[in-house]
Amino acid sequence: MTIQPIRLFGDPVLRTRADEVVEFDKELRTLVQDLWDTMESQGGAGLAAPQLGVGLRVFTYHCDGFAGHMVNPTWNAIDDECQDGEEGCLSIPGFTWETRRLRNIVATGWNMHGEPIEIEGTDLLARCIQHESDHLDGVLFLDRLDQETRKQAMREIRQATWFNGSMPTIKQDPHALFGGF
């Protein structure tokens, strides 16, 4: 079990689009396990690789009775139905705000062994997949808030004890060391 530190709001890796995974190797399986262990240790519903400082398109999830991981995920809306609900983020600890998301989606991607997977998500699972997929694009759920709520959220974050405005360095992607992507 390897629990990693979670990158917090303000870290540039959280605003950077993650790279596609091209090698389904031992390093990827280790990353998935680290994501899982860290997510579970924090009681999170999901965790994306950029939150551990790794710029790869991978996330884990454990919510609404479903658990797993996705590599290079994409998703599509099943219909136009939306849901409003409290949403939080392990990279913005201690806060939740009402956030609008699609209610029904279908996500496709691969598992850590390179096998294709498809997940149909509703309610909390749909919210989780959208939230974690946003992380892979450098988008935070704060970006989904209405203007007034986002202003209030930013005021509250700036007053948080964990927020000091510093920008930690980005963890080097192990695949990049070998000319991966």
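Which backbone nitrogen does the side chain of Asn-111 reach? The side chain of Asn-111 comes to 2.8 Å from the backbone nitrogen of His-113. The structure is a predicted model, in which local features need pLDDT of at least 70 and side-chain atom pairs count only at pLDDT 80 or more, while totals for chains, interfaces and linings use all residues. Residues are numbered from 1 along each chain as its sequence is written, and side-chain values use heavy atoms, with hydrogens and water left out.

Five strands form an open sheet in the order S1-S2-S3-S6-S7, with antiparallel pairing. Its edge strands are S1 (46–48) and S7, each of which pairs on one side only. From one strand to the next, the twist averages 40°. Strands here are DSSP runs of E with at least two residues, helices are runs of H or I with at least four residues, and both are numbered from the N terminus. Two strands pair if DSSP finds at least two bridges between them.

Strand S3 (residues 66–77) and S6 pair in the antiparallel sense over five bridges. Along this pairing, Ala-77 stands opposite Ile-105 in S6, and the bridge partner of Asn-76 in S6 is Val-106. Helix H1 (residues 26–42) packs on the sheet, where H1 touches S1, strand S2 (58–63) and S3, and the direction of H1 makes about 35° with that of S2. Helix H2 (residues 124–136) also packs on the sheet, touching S1, S2, S3, S6 and S7, and the direction of H2 makes about 160° with that of S2. For these angles, axes are lines fitted to C-alpha atoms, for helices over the stretch in contact, and angles run from 0 to 180 degrees between N-to-C directions. Contact, or touching, means heavy atoms within 4.5 Å.

S2 and S3 pair in the antiparallel sense over six bridges. These two strands form a hairpin with two residues between them, and Asp-64 in the turn has a positive phi of about 55°. Cys-63 has Phe-66 as its bridge partner in S3.

Two loop residues deserve a visit. Asn-111 lies in the loop between strand S6 (104–110) and strand S7 (116–122). Because its relative accessibility is 12%, Asn-111 counts as buried (buried means under 20% relative accessible area, exposed over 50%, and partly exposed in between, with a 1.4 Å probe and protein chains only). The side chain of Asn-111 also makes a polar contact with the side chain of Glu-115, at 2.7 Å. A polar contact is a pair of N or O atoms within 3.5 Å; within protein, one must be able to donate a hydrogen and the other to accept it, and residues adjacent in sequence count only if both atoms are side-chain atoms. Not counting residues up to four places away in sequence, Asn-111 touches Phe-24, His-69, Val-71 and Ile-117.

Ile-78 is found in the loop between S3 and S4. With a relative accessible area of 41%, Ile-78 is partly exposed. Ile-78 and Ile-105 are 27 residues apart in sequence, yet 5.0 Å apart in space, C-alpha to C-alpha. Leaving aside residues up to four places away in sequence, Ile-78 touches Asn-104, Ile-105, Val-106 and Glu-120.
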